[in-house]
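Subject: The structure I promised you

Hello,

Below it are my notes on what turned up.

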Amino acid sequence: MNDNHYCPHTPEEISEMLSIIGISSVEELFAAIPGELRAKSFNLPPGISEFETFDRMKAIAGENKSDMLNFIGGGFYDHIIPAAVDHLSGRAEFYTAYTPYQPECSQGTLQALFEYQTAICRLTGLDVSNASLYDGGTACAEAAMMALRVTGRNRIIIDGCVNPFSRQVLKTYLFNLDVDIVEIPPLDGQLNRNALTEMLDDSVAAVLVQNPNFFGCIDEFTELAAQIHAKQALLIASVYPISLGILKSPGEMGVDIAVGDGQSLGNPLSFGGPSFGFIAARKTFIRNMPGRIIGETVDKQGRRGFVLTLQAREQHIKRQKATSNICSNQGLCALRGLIFLSSVGKSGLAEMAILNRDKAEYAKSQISGIPGVTVLQGIPTFNEFTVALPQSADLVVSALLKKNIAAGVPLGQYYEGSENFLVVTVTEKRTRKEIDCLVKSLEEALCN
Amino acid sequence: MSEMYFTKEHEWIKVEGAKGKVGISDHAAHELGDITFVELPKPGKSVKQFEVLAAIESVKAASDIYSPVSGKVLTVNTVMDTAPEIVNESAEEKGWMVELEISDAGELEKLMTKGQYDEYLKTL
Amino acid sequence: MQLIYEQSVSGRRGVKLPASDVPSAACLPKNLLRSEAAGLPELSELDLVRHFTRLSRRNFSVDTNFYPLGSCSMKYNAKVLENSAALFAPFHPMTALLPGGEEYCQGTLGMLYDLGQLLTDITGMDEVTTQPLAGAHGEMTGILLISAYHRARGKKKKYVVVPDSSHGTNPASAAIAGYEIITVPTAPYGDMDLDLFRQAMNDEVAAVMMTCPNTLGLFNPHIKEISDIAHSHDALMYYDGANLNAIMGKVKPGDVGFDVIHVNLHKTFGTPHGGGGPGSGPVGVKKALAPFLPQPRIVMDDEGKFVMESVKSGTIGRTANFFGNFGVMAKAYAYIIMLGREGLINVSEQAVLNANYIKERLRDYYELPYDKTCMHECVFSASRQLEHGVHAIDISKFLIDRGYHPPTVYFPMIVKEAIMIEPTETESKATMDAFIEVMIEAAKTAESNPQALHEAPLTMPVGRLDETKAAREQNVCCAG
């Protein structure tokens with residue numbers, strides 16, 4: 001019996017193939033590998049059927065707490081996903097294809113990604129988008145590297161209010177380069193503009209900010225952009241795409257490169273991936289963009305079609321001089337993003353954004369009623385906000401986890417001296433009842 | 001009368017006094033196929049002989065353009081920005097890319113004449 | 001076919017959102033709001049479904065067509081893998097990073113830990129990070145680990161050595177990680193030229209990146225010697241796992257001198273390629289590099305619980321925001337446990353058998369620049385066809401008309417008019433025979449009627465597209 005039924009040959013077919021090759025055993029095909037290089041051991045367990053496999057996977061999934069009430073974000077958000085997203089992205093013609101190197105037989109993927117690029121441009125208010133990056137953090141790093149190429153400078157300033165994971169990814173990407181990375185500590189949950197002004201000089205390639213920032217605060221960067229442009233530096237903004245249903249777009253603010261994580265657009269939480277990163281920029285920077293780009297063109301008969309374009313930037317042609325090393329990106333996740341955005345549509349995304357904010361504002365008002373708890377006031381927020389607890393947020397969060405509530409992200413791990421602060425996220429999926437439950441549980445935890 | 005010299009990397013320089021216009025040969029333009037982009041240096045930039053001066057891209061290829069001689073960039077052919085196809089149409093005339101101030105005319109001796117270059121192409 | 005934006009009708013909706021059960025909040029200040037709603041499409045769910053269903057039908061895919069795209073291991077993706085990954089959709093990655101949160105994620109953390117263990121056995125490495133999100137991302141992570149390793153020993157080092165047959169991602173990843181590249185030519189026997197390699201090596205070389213079998217589909221019998229030379233210069237050996245499908249259970253890269261490896265779960269371990277990702281590129285390392293692995297790291301504690309390791313000072317930090325492409329890893333994990341030891345050995349044997357079968361059947365019709373027993377893929381040249389003015393691309397387009405996704409063409413760059421065929425182990429003899437017949441027909445047509453090949457494809461929604469126009473006009477977003 002064949003050990004692997006996904007290999008379809010019968011013994012007779014194998015003999016026939018071997019005789020055509022002119023050898024008598026499959027092992028002879030490996031004769032070029034000297035004996036001393038052969039594996040000495042190979043200890044994997046024996047194979048099982050797909051049914052047993054699925055049972056094992058169910059058992060593994062069952063070891064996670066499945067009914068956790070999520071008030072956590074940190075870059076990944078628990079949003080609705082229309083049923084059509086799973087069904088359409090689940091068509092095998094999409095998910096079992098690969099990078100559309102041969103355009104004539106890949107128009108499905110190519111047109112979809114062109115439509116995706118268009119959606120990202122319209123969402124961000126910028127001119128050009130690529131066909132996706134890996135995730136939000138790597139998108140920040142790619143944008144920084146793009147700014148280094150564009151400006152020929154070697155200094156990046158990062159607002160400390162940017163997601164700490166994304167900041168870390170950026171620093172890891174650049175640590176072996178001759179690049180100076182400066183972080184500005186947050187001031188009351190916002191960018192310290194005075195500190196930035198002092199640092200801003202002709203050596204700065206780009207400034208990276210986030211909107212809404214890690215604390216949930218919404219900012220307006222129009223003046224900042226002008227100030228940065230006066231030094232011929234670039235402004236990079238990491239944005240939360242759902243918030244762009246209502247918030248001022250990066251393009252409207254004068255941002256040069258917008259990036260973000262696309263998970264919230266139709267991709268499940270899936271324990272952190274796959275999602276996708278997006279990047280959009282002003283047209284003048286297109287040749288410095290990383291990754292794949294789809295472009296519109298025509299065939300000889302004038303029929304519209306789509307191709308991978310500006311490939312001369314890419315690793316398979318330019319090798320060490322390429323603008324990035326990206327080959328596989330997150331195409332299927334970007335497709336999910338497009339189907340999501342097309343499904344909720346123009347008015348739906350705005351409605352969804354308002355719903356998020358309304359729920360968060362409700363939660364904010366209820367939580368601020370808990371004795372001893374204060375909510376940062378005065379600075380507008382979207383669907384996340386920071387609360388100051390009268391005790392360690394770590395303790396409160398771990399107490400609430402026992403009640404199946406992920407109450408928020410405590411800031412102590414990420415910002416020194418912030419042990420009592422908690423960032424609470426409320427998406428459109430949380431009901432008033434669930435929010436009330438969070439408030440009640442928080443109150444109880446704080447009383448004990 | 002201007003003189004034209006070629007490199008093994010298929011660049012040419014047309015010398016007029018202390019100045020010289022630089023481009024790529026018809027042969028190179030043909031090999032690259034449809035040119036889609038030429039990245040030009042900023043005027044004022046100094047280059048050494050055989051160092052990277054510019055870069056050129058076609059749909060499926062990218063290559064550097066090396067300076068035939070040492071010198072300083074005086075002007076660049078801005079037609080490249082909007083119509084890089086001029087390199088395909090007229091590589092050794094209208095498709096010039098950079099005008100250099102030649103700093104050492106002696107370096108021209110390391111280059112090939114038109115006749116020598118044509119012979120060289122036959123060996124490839 | 002219309003763009004989705006061209007089908008948009010103002011006011012139409014694809015999905016209804018839940019009604020609000022909370023009071024409306026006061027409006028945000030106007031200066032924070034966008035001036036007009038983003039111009040997203042507006043259409044009914046049915047129109048949306050038809051649009052994307054139609055688009056899907058304009059693709060070739062593994063499920064619909066033979067897809068022998070060399071270097072990509074386009075094998076069949078078992079359906080149970082899709083079902084398996086879906087089980088993990090609801091789990092938020094932040095839960096595991098909350099204080100005490102690991103307890104609620106034992107399944108997912110345990111699976112990542114286990115996957116690491118399985119991959120160490122397959123690759124002969126000591127430790128694995130699952131964080132890298134694709135093959136090239138794994139390469140970059142691996143090179144950063146090598147850089148941290150050298151720095152910890154007080155050396156910066158300057159170069160990374162790659163053979164000229166390497167994947168473009170190798171030099172690109174090393175360059176992005178801050179190294180200059182030294183490229184070593186391939187010798188007439190199809191492997192990296194050993195003498196030139198010796199000459200290229202010096203003490204400033206941080207790493208040598210190799211694919212083994214290489215992109216010509218050949219196993220380099222001198223690989224141990226190469227790694228010994230590299231190590232004598234205190235350079236580390238990097239294994240590009242793109243071609244691991246050829247040698248599972250046969251050779252462990254860790255045994256033959258490699259120090260760092262990435263594996264492409266979407267190539268070797270049966271996860272779908274998604275039209276260009278998501279992939280997954282876990283990185284395995286030898287013990288000496290373990291202190292530098294990215295965070296967060298999952299370890300098993302004394303009680304057998306899976307927890308986050310406390311952050312080590314040497315870590316390179318993070319190369320992605322969370323634990324990697326978990327959904328892809330769930331599929332690869334299911335694949336590995338389902339196939340098991342014998343199944344994976346069988347994968348490599350049958351993949352190599354199939355490639356050699358195609359090579360033998362086509363050798364009379366196409367030039368074989370390196371005529372040796374190949375591993376999981378074979379590389380031909382269309383040089384004979386070129387004599388009739390037919391290029392590899394023309395043969396590709398002819399194949400499309402016959403319902404076959406073309407092989408990889410024009411790679412590796414060292415082969416003129418390269419045609420790189422990787423059938424994978426999941427294809428039947430009947431499928432390959434039919435493909436071979438069409439390849440033979442293409443070769444014959446190249447002689448008898450080259451024009452027919454130049455005109456292909458004729459059966460697709462579009463013919464050959466004007467790529468020059470696309471590159472010059474850069475129309476990458478629909479106006480409006």
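A word on naming to begin with: helices (H or I, at least four residues) and strands (E, at least two) are DSSP runs, numbered from the N terminus. In that scheme, A:Cys447 belongs to helix α14 of chain A, which covers residues 432-447. Please keep in mind throughout that this is a predicted model.

Since we are at A:Cys447, let me stay there for a moment. Is this residue buried or exposed? A:Cys447 counts as exposed, because it has 9 C-beta neighbours inside 10 Å, and a residue with 12 or fewer is classed that way. From A:Phe51, A:Cys447 is 396 residues away in sequence and 49 Å away in space, taken from C-alpha to C-alpha.

Chain A as a whole

Chain A contains 14 helices and 15 strands. Along the principal axes, its C-alpha atoms fill a box of roughly 80 × 55 × 50 Å. Of its 448 residues, 63% are buried. Among the contacts in chain A with a separation of 6 or more, 73% are between residues 24 or more positions apart.

Where the two meet, 20 residues of domain 1 are in contact with 21 residues of domain 2. On the domain 1 side, the elements giving two or more residues are α12 (331-368) and β12 (384-388) of chain A. Helix α12(A) supplies the largest share of that side, with six residues. By type, the domain 1 side divides into 14 nonpolar, four polar and two charged residues.

A strand to look at

Which strands does β7(A) pair with? Strand β6 of chain A (residues 234-239) runs parallel to β7(A) and is joined to it by three bridges. Strand β8 of chain A (residues 277-281) runs antiparallel to β7(A), with five bridges between them. A:Ile257 takes part in both pairings: it is the bridge partner of A:Ile236, and it stands opposite A:Ala281 in β8(A).

The nonpolar cores

The largest nonpolar core has 317 residues, and the members touching the most others are A:Ala144, A:Ala206 and A:Ile236. The largest share of this core comes from α10(C), with 21 residues. Setting aside neighbours within four places in sequence, A:Ala206 is in contact with A:Ala144, A:Ala147, A:Ile156, A:Ala233, A:Leu234, A:Leu235 and A:Ile236. A second, separate core of 30 residues includes B:Val22, B:Leu32, B:Ala54 and B:Leu111.

Two sheets in chain B

One open sheet in chain B has seven strands in the order β5-β8-β9-β3-β2-β1-β10, with antiparallel pairing. Its edges are β5 (46-47) and β10 (112-113), each with a single partner strand, so one side of each is left without a neighbour in the sheet. Within this sheet, β1 (residues 3-6) and β2 (residues 11-16) pair over four bridges, and B:Tyr5 stands opposite B:Ile13.

Another open sheet in chain B has three strands, ordered β4-β6-β7 and paired antiparallel. Here β4 (35-39) and β7 (62-66) are at the edges, and the twist averages 25° from one strand to the next. Five bridges join β6(B) (residues 52-58) to β7(B), with B:Tyr66 as the bridge partner of B:Val52.

Chain C is assigned domain 1 (1-14 + 39-58), domain 2 (82-337) and domain 3 (341-455). The C-alpha centres of domains 1 and 3 of chain C lie 38 Å apart.

The contact between chains C and A takes 174 residues from chain C and 173 residues from chain A. On the chain C side, helix α10 (residues 326-362) gives the most, with 23 residues. That side divides into 91 nonpolar, 56 polar and 27 charged residues.

Enjoy looking around, and write back with any questions.

Best wishes

Conventions. Residues are numbered from 1 along each chain as its sequence is written. Chains are lettered from A and ligands numbered from 1 in the order in which they are written. This is a predicted model: local features need pLDDT of at least 70, side-chain atom pairs count only at pLDDT 80 or more; totals for chains, interfaces and linings use all residues. Two residues are in contact if their C-beta atoms, placed from the backbone, lie within 7 Å. Ala, Val, Leu, Ile, Met, Phe, Trp, Tyr, Cys and Pro count as nonpolar, Asp, Glu, Lys and Arg as charged, and the others, Gly among them, as polar. Two strands pair if DSSP finds at least two bridges between them. Axes are lines fitted to C-alpha atoms, for helices over the stretch in contact, and angles run from 0 to 180 degrees between N-to-C directions. Domain bounds come from an automatic or database domain assignment. A residue is buried if 20 or more other C-beta atoms lie within 10 Å of its own, exposed if 12 or fewer, and partly exposed in between; C-beta atoms are placed from the backbone. A nonpolar core is a set of buried Ala, Val, Leu, Ile, Met, Phe, Trp, Tyr and Cys residues joined through C-beta atoms within 7 Å.
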